[in-house]
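Hi,

Here is the structure I said I would pass on. Have a look at it, and then read on for what turned up.

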Amino acid sequence: MWKETTKRERNMKIFREELDEFLPTSILDFHVHILNSGVVPAGERFDCAGHPIEKYDLEDLTCDLADLYPGRAVSAVCFGFPDVRYDLQKSNNYLAEKCDGIRFFPFRLFDPHESSDAFQKDLETRRFVGIKPYPDYVRRSNINDVEIREMLPDWAMETVNALGLIVMLHIPRKARLADPLNQSQIIELCAKYPRAKIVLAHIGRAYFLKNITGNLENLKDIPNLFFDLTMVSNWEVLEYLFQRVDGSKIFYGTDIPLGLAPGKSVEINDQYTYVTPVAWHLSISDDHGKLVFTSFIYEEIRAIKKAVQRLGLGRSFVEGMFYSNGMRLLTARNSI
Ligand SMILES: [Zn+2]
């Protein structure tokens with residue numbers, strides 16, 4: 001089994017010694033991918049940090065959350081895998097039907113090439129609390145040329161804004177958070193659609209310090225812009241964010257099932273890479289078997305804890321980040 005949870009004694013040791021006291025009793029994971037059966041093309045597998053899987057459904061998630069966080073009540077924001085080759089409809093239907101909107105909150109994968117009527121009807125009549133666009137859905141020949149406004153055309157944002165929904169935004173372009181076009185289009189998007197809530201996934205994909213340094217100034221005070229910590233295990237990046245952005249705008253997230261795998265993202269010479277025990281297209285792998293790994297998730301929590309402690313942030317900051325900030329956003333729709 002490739003999953004690094006407390007089912008392994010050495011992870012249980014990490015949990016008991018480093019995480020148990022730090023983690024609040026309620027946890028909301030704001031960034032989980034679900035892959036129900038039949039979404040991946042027949043005969044293929046999703047490469048989960050070097051571990052091929054055929055599916056990852058809500059039953060799998062329920063088991064893994066119990067193994068990851070013993071004694072915690074855990075809820076999650078769930079969406080499919082945004083791969084143009086996967087069955088988007090099947091994924092969205094599964095989440096709309098199976099997520100209860102109490103423990104598991106469904107977001108709808110969004111492809112700007114789909115029918116606007118179906119999109120609008122889905123959001124108006126089903127349980128979706130947000131949408132998940134992705135650069136790949138724009139289908140540019142060079143993925144680095146994609147712009148945020150192509151991922152989120154006006155016709156879609158008008159519906160999202162009217163319904164007060166959330167957008168889980170994985171920003172495009174090589175320079176990520178440091179890209180001036182990204183910066184200006186994020187500002188424009190938030191101003192034009194003030195009832196929409198925009199969440200920058202992976203802190204705008206700033207996995208190394210130089211990518212975030214100086215790049216929060218124009219974003220930190222936008223009232224409908226939020227930050228998710230998913231897969232960021234660089235404590236310096238986290239510390240930089242925690243120092244500058246109001247705590248209520250920060251949400252914990254993990255990229256489960258990827259986050260369950262053994263590995264860590266590391267910064268090298270103003271760049272980053274993932275390091276994993278087995279080969280993965282996004283990582284450098286430990287071919288010599290030099291290291292004993294734990295999950296990306298536990299590495300992320302370790303880094304969060306370190307940044308929190310260095311800054312002397314209190315329990316209310318931690319509880320907000322791990323639970324109530326995100327929950328407030330998810331339930332706000334009902335009160336609009
Ligand atoms: Zn993700």
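Strand E8 (residues 197-200) and strand E9 run parallel and are paired over three bridges. Strands pair here if DSSP finds at least two bridges between them, and the strands (E, at least two residues) and helices (H or I, at least four residues) are DSSP runs numbered from the N terminus. Across that pairing, valine 199 has phenylalanine 226 in E9 as its bridge partner.

Before going further, two notes on the source. This is a predicted model, in which local features need pLDDT of at least 70 and side-chain atom pairs count only at pLDDT 80 or more, while totals for chains, interfaces and linings use all residues. Residues are numbered from 1 along each chain as its sequence is written.

Back to E9 (residues 225-228): Leu225 and Phe227 point one way, Phe226 and Asp228 point the other way, and all are buried. A residue is buried if 20 or more other C-beta atoms lie within 10 Å of its own, exposed if 12 or fewer, and partly exposed in between, with C-beta atoms placed from the backbone. E9 also pairs with E10 in the parallel sense, over two bridges, and there phenylalanine 227 has isoleucine 250 as its bridge partner. With helix H10 (residues 235-244), E9 and E10 make a right-handed β-α-β unit; right-handed says that, with the strands pointing away from the viewer, the path from the first strand over the helix to the second runs clockwise.

These strands belong to an open sheet of eight, with parallel pairing, in the order E1-E4-E5-E6-E7-E8-E9-E10. At its edges are E1 (26-33) and E10 (250-251), each pairing on one side only.

Now to E5 (104-109). Six of its six residues are buried, so E5 is largely enclosed by the rest of the structure. Three bridges join E5 to E4, in parallel, with alanine 76 partnered by phenylalanine 104 in E5. Three bridges also join E5 to E6, again in parallel, and leucine 109 has lysine 132 in E6 as its partner. E5, helix H4 (residues 116-125) and E6 form a right-handed β-α-β unit. Next along, E6 (residues 130-132) runs parallel to E7 (residues 166-169), with two bridges joining them; glycine 130 stands opposite isoleucine 166.

What about the helices? H3 (residues 88-98) lies across E4 (73-79) and E5, running at about 155° to E5. That angle is between N-to-C directions, on a scale from 0 to 180 degrees, with axes fitted to C-alpha atoms, for helices over the stretch in contact. Lysine 90 lies in H3 and counts as partly exposed because it has 14 C-beta neighbours inside 10 Å. Leaving out residues up to four places away in sequence, lysine 90 touches Asn36, Gly38 and Val39, where a contact is two C-beta atoms, placed from the backbone, within 7 Å. Lysine 90 and valine 39 are 51 residues apart along the chain, yet their C-alpha atoms are separated by 6.3 Å.

In H2 (residues 58-68), the buried residues are Leu61, Asp64, Leu65 and Leu68. Seen down the axis of H2, they fall within an arc of 105°, so they line one face of the helix; the arc is that of the directions from the helix axis to the C-beta atoms. They pack against E1, E4 and helix H11 (296-311).

Which residues touch the most other members of the largest nonpolar core? Of its 99 residues, they are Cys78, Val167, Val199, Val237 and Leu238. The largest share of this core, eight residues, comes from H11. By nonpolar core I mean a set of buried Ala, Val, Leu, Ile, Met, Phe, Trp, Tyr and Cys residues joined through C-beta atoms within 7 Å.

Is aspartate 255 buried or exposed? It counts as buried, because it has 21 C-beta neighbours inside 10 Å. Aspartate 255 sits in the loop between E10 and E11 (264-268) and, leaving out residues up to four places away in sequence, touches His31, His33, Thr230 and Met231.

Finally, there is an open sheet of three strands, in the order E11-E12-E13, with mixed pairing. The twist averages 40° from one strand to the next. E11 and E12 (residues 271-276) are antiparallel over five bridges, with glutamate 267 opposite tyrosine 272.

Cheers
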